[in-house]
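Here is a briefing on one protein model, for reading beside its sequence and coordinates.

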Amino acid sequence: MKKTIITIAMIVSAVIAAFAADNPTAVLSEASARLKSAKSIVASCVISSASGASNASLTMSGKKFAVKSPEIEIWYDGTTQWTYSARTDEVSVTEPAAAEISQVNPLAVLDYFTSSYTPTMLPPSKGVKRIKLTAKDKKSGIASAVITLQSASLSPECVELTLSTGERVSITVKSLKKGGEVNPATFTYRKSLHPSAEIIDLR
């Protein structure tokens with residue numbers, strides 16, 4: 001009897017694991033959980049659109065994040081977002097919605113899309129899982145997205161967004177490392193960073 005129970009338990013576990021492997025919601029939830037398990041994450045990525053490509057670095061801790069690229073810098077403390085434009089030497093201050101955050105933080109999309117989009121597993125490729133997400137709300141600013149995850153670690157490799165305007169934005173993660181505690185000041189804008197910048201409060 002004991003052996004029978006163990007065998008049944010092993011079969012059930014295998015079935016659950018197989019289901020999770022093919023279930024896009026389960027895959028996204030597990031990928032998000034693995035990212036959240038780290039106190040902080042530091043990543044480098046390439047953001048591409050019709051206007052060109054740009055290298056960027058990302059530091060993230062919980063819902064807070066900071067993005068830096070040659071053209072733009074972003075700080076988000078969980079409520080307020082500061083966006084610095086090198087071209088205009090201006091800092092815009094906003095309180096963005098989840099959809100807006102997902103366009104600038106490639107790691108935030110996992111949580112956002114889980115509740116607002118319908119996921120579908122795409123045919124697998126070697127070493128990666130690909131999931132397409134289609135907006136439940138036709139008025140959503142992001143019509144659809146394709147998320148590519150490493151099969152073993154479920155770390156995000158690429159996020160391809162199709163906006164409601166038809167514009168496409170691709171965020172390719174080049175490297176990703178988990179770390180420890182991060183100084184909260186990392187996620188807020190300080191005047192000393194760009195002393196001459198004009199502050200534009202859009203809240």
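Contact here means heavy atoms within 4.5 Å. By that rule, and leaving aside its neighbours within four places in sequence, Leu149 is in contact with Val27, Ala31, Gly127, Val128, Lys129, Ile131, Leu154, Ser155, Pro156 and Glu157. This is a predicted model: local features need pLDDT of at least 70, side-chain atom pairs count only at pLDDT 80 or more, and totals for chains, interfaces and linings use all residues. Residues are numbered from 1 along each chain as its sequence is written, and side-chain values use heavy atoms, with hydrogens and water left out.

**Sheet**

- Helices (H or I, at least four residues) and strands (E, at least two) are DSSP runs, numbered from the N terminus.
- Two strands pair if DSSP finds at least two bridges between them.
- An open sheet is built from 12 strands, with mixed pairing.
- Its order is S7-S8-S9-S10-S11-S1-S2-S3-S4-S5-S6-S12.
- Strand S7 (117-121) and strand S12 (198-201) each have a single partner strand, so one side of each is left without a neighbour in the sheet.
- Neighbouring strands are turned by 20° against each other on average, direction ignored. Axes for this are lines fitted to C-alpha atoms, for helices over the stretch in contact, and angles run from 0 to 180 degrees between N-to-C directions.

**Strand pairs**

- Strand S1 (residues 40-49) and strand S2 (residues 52-61) run antiparallel, joined by 9 bridges. Ala43 has Leu58 as its bridge partner in S2.
- S7 and S8 also run antiparallel, with 5 bridges. Met121 is partnered by Ile131 in S8.
- The hairpin of S7 and S8 has 6 residues between the strands, and Gly127 there takes a positive phi near 80°.
- S8 and S9 are antiparallel and share 7 bridges. Leu133 has Ala145 as its bridge partner in S9.
- A hairpin is formed by S8 and S9, with 6 residues between them.

**Nonpolar cores**

- Buried means under 20% relative accessible area, exposed over 50%, partly exposed in between (1.4 Å probe, protein chains only).
- A nonpolar core is a set of buried Ala, Val, Leu, Ile, Met, Phe, Trp, Tyr and Cys residues joined through side-chain atoms within 4.5 Å.
- In soluble globular proteins, nonpolar side chains tend to be buried together.
- The largest core has 27 residues, of which Phe65, Val67, Ile131, Leu133, Ile147, Leu149 and Leu161 touch the most other members.
- At least two residues of this core come from each of helix H2 (24-36), S2, strand S3 (64-68), S4, strand S8 (128-135), S9, S10 and strand S11 (168-179).
- S9 gives the most, with 4 residues.
- A second, separate core of 9 residues includes Ala66, Tyr84, Val91 and Ala197.

**Aromatic pairs**

- Rings of Phe, Tyr and Trp (its six-membered ring) pair if their centres lie within 6.5 Å; planes under 30 degrees apart count as stacked, over 60 as edge-to-face and the rest as tilted.
- There are 2 aromatic pairs in the structure.
- Why is the pair of Phe65 and Tyr76 tilted? The ring centres are 5.3 Å apart and the planes stand at 35°, so the pair is tilted.
- Phe65 lies in strand S3 and Tyr76 in strand S4, so the pair ties together parts that are 11 residues apart in sequence.
- Phe65 is buried at 0% relative accessible area. Tyr76 is buried as well, at 7%.

**Glu73**

- Glu73 sits in strand S4 (residues 72-76).
- Glu73 counts as buried, at 14% relative accessibility.
- Beyond four places in sequence, Glu73 is in contact with Val67, Lys68, Trp82, Thr83, Tyr84 and His194.
- The side chains of Glu73 and His194 make a polar contact (2.9 Å). A polar contact is a pair of N or O atoms within 3.5 Å; within protein, one must be able to donate a hydrogen and the other to accept it, and residues adjacent in sequence count only if both atoms are side-chain atoms.

**Positive phi in loops**

- Asp89 is not a glycine, yet its phi is positive, near 55°. Asp89 lies in the loop between strand S5 (81-85) and strand S6 (90-94). Asp89 is partly exposed, at 22% relative accessible area.
- Leu154, also not a glycine, has a positive phi of about 60°. Leu154 lies in the loop between strand S9 (142-150) and strand S10 (156-163). Leu154 counts as buried, at 7% relative accessibility.
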